[in-house]
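Hi,

Here is the structure I said I would pass on, and my notes follow just below it. Could you read them with the model open beside you?

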Amino acid sequence: ISNSEVAGNTMTIRGGSVILSVAGTPAAQTIVAGATGQLVSAITFDATQSGEDVRFNSAKFLFTESLSGNDDITNCAAFDGATRLNSSAVNYSNTADDLTYTFDTPLVVAKGTVKTVQIRCDVPSSITGGTFSIGFTSAVLFTGVGVTSSQTITPTSSTGASQSGNTMTASSGGALTVAKDSSSPAYKLAAAGTTGVTLGALRF
């Protein structure tokens with residue numbers, strides 16, 4: 001038996017942590033006014049470096065807009081996959097609105113994983129144009145709780161700065177363009193009584 005010190009296996013102590021960022025999907029796009037349940041933003045909750053699972057009972061998402069018309073986006077809800085997290089809709093009314101989504105179903109981000117929270121809203125038909133986005137502030141004015149430790153955990157921005165989300169452009173109407181497709185056949189003769197003859201091909 002040795003009288004010298006014997007080192008055991010190294011134990012790493014790591015607290016709970018979550019890093020927020022704006023997801024690439026949905027990308028910047030044009031949305032026709034009148035859309036309902038439209039996916040307008042998605043925020044990733046990254047707990048890959050967390051020492052424990054983190055539970056969120058609410059979150060705050062920042063609305064930035066330059067819209068024309070009589071309304072802003074309404075009936076906003078956060079989703080974890082197919083699960084709607086807040087039963088009470090969030091209605092934005094001003095640019096720089098940083099509103100709270102209160103979760104009836106808590107969002108639990110398991111340690112070592114990343115969850116993406118989708119934000120879906122209605123875009124009223126009274127909006128005639130302009131742009132908007134939904135992200136979060138660098139201050140991140142909401143907190144989670146460590147599932148094991150019950151310690152308060154404040155998420156941080158992946159960039160250290162506010163992230164405004166991908167820009168959505170509102171349009172009062174869409175356009176449908178029709179053109180002859182390159183596969184459309186040239187002039188040819190067809191025998192009477194023949195079926196399945198391609199007369200033309202259009203591209204929409």
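This is a predicted model: local features need pLDDT of at least 70, side-chain atom pairs count only at pLDDT 80 or more; totals for chains, interfaces and linings use all residues.

Let's start with Ala-28, which counts as exposed at 55% relative accessibility. (Exposed means over 50% relative accessible area, buried under 20%, and partly exposed in between, with a 1.4 Å probe and protein chains only.) Ala-28 sits in the loop between E1 and E2. Those labels are DSSP runs numbered from the N terminus, with strands (E) of at least two residues and helices (H or I) of at least four. Leaving out residues up to four places away in sequence, Ala-28 touches Asn-166, Thr-167 and Met-168, where contact means heavy atoms within 4.5 Å.

Residues are numbered from 1 along each chain as its sequence is written, and side-chain values use heavy atoms, with hydrogens and water left out.

Now the strands. Two of them count as paired if DSSP finds at least two bridges between them. An open sheet is formed by 6 strands in the order E6-E5-E8-E3-E1-E12, and the pairing is mixed. The edge strands here are E6 (83-84) and E12, each pairing on one side only. Strand E1 (residues 19-22) runs parallel to E12, joined by 2 bridges, and Leu-20 has Ser-157 in E12 as its bridge partner.

Strand E2 (residues 29-32) pairs with E13 in the parallel sense over 4 bridges, with Gln-29 standing opposite Met-168. Met-168 is also one of the residues that Ala-28 touches. Strand E9 (residues 127-135) is antiparallel to E13, with 2 bridges between them, and there Thr-131 has Thr-169 as its bridge partner.

- With strand E7 (residues 97-109), E4 pairs in the antiparallel sense over 9 bridges; Phe-61 has Leu-99 as its bridge partner in E7.
- With E9, E4 pairs in the antiparallel sense over 8 bridges; Phe-63 has Ile-134 as its partner in E9.
- With strand E10 (residues 144-146), E4 pairs in the antiparallel sense over 2 bridges; Val-54 stands opposite Gly-146.

As background, in a regular strand the side chains alternate between the two faces of the sheet.

Next, which cysteines form a disulfide? They are Cys-76 and Cys-121, with their sulfur atoms 2.1 Å apart (the cut-off for a disulfide is a pair of cysteine sulfur atoms within 2.5 Å). The pair links distant parts of the chain, since Cys-76 is in strand E5 and Cys-121 in strand E8, 45 residues apart. The torsion about the S-S bond is about 115°, so this disulfide is right-handed. Both cysteines are buried, and the structure holds 1 disulfide.

How many salt bridges does a search of the whole structure find? The count is 1, using the rule of a side-chain nitrogen of Lys or Arg within 4 Å of a carboxyl oxygen of Asp or Glu. The side chains involved belong to Lys-115 and Asp-80, at 2.8 Å from N to O. Lys-115 lies in strand E8 (residues 114-122) and Asp-80 in strand E5 (residues 74-80), so the pair ties together parts that are 35 residues apart in sequence. Lys-115 is partly exposed at 26% relative accessibility, and Asp-80 is partly exposed as well, at 22%.

Last stop: Gln-163, in the loop between strand E12 (156-157) and strand E13 (168-171). Is this residue buried or exposed? At 12% relative accessibility, Gln-163 counts as buried. A polar atom of its side chain lies 3.1 Å from the backbone nitrogen of Val-22. The side chains of Gln-163 and Ser-158 are joined by a polar contact of 3.0 Å. (A polar contact is a pair of N or O atoms within 3.5 Å; within protein, one must be able to donate a hydrogen and the other to accept it, and residues adjacent in sequence count only if both atoms are side-chain atoms.) Beyond its neighbours within four places in sequence, Gln-163 is in contact with residues including Leu-20, Gly-135 and Phe-136.

Cheers
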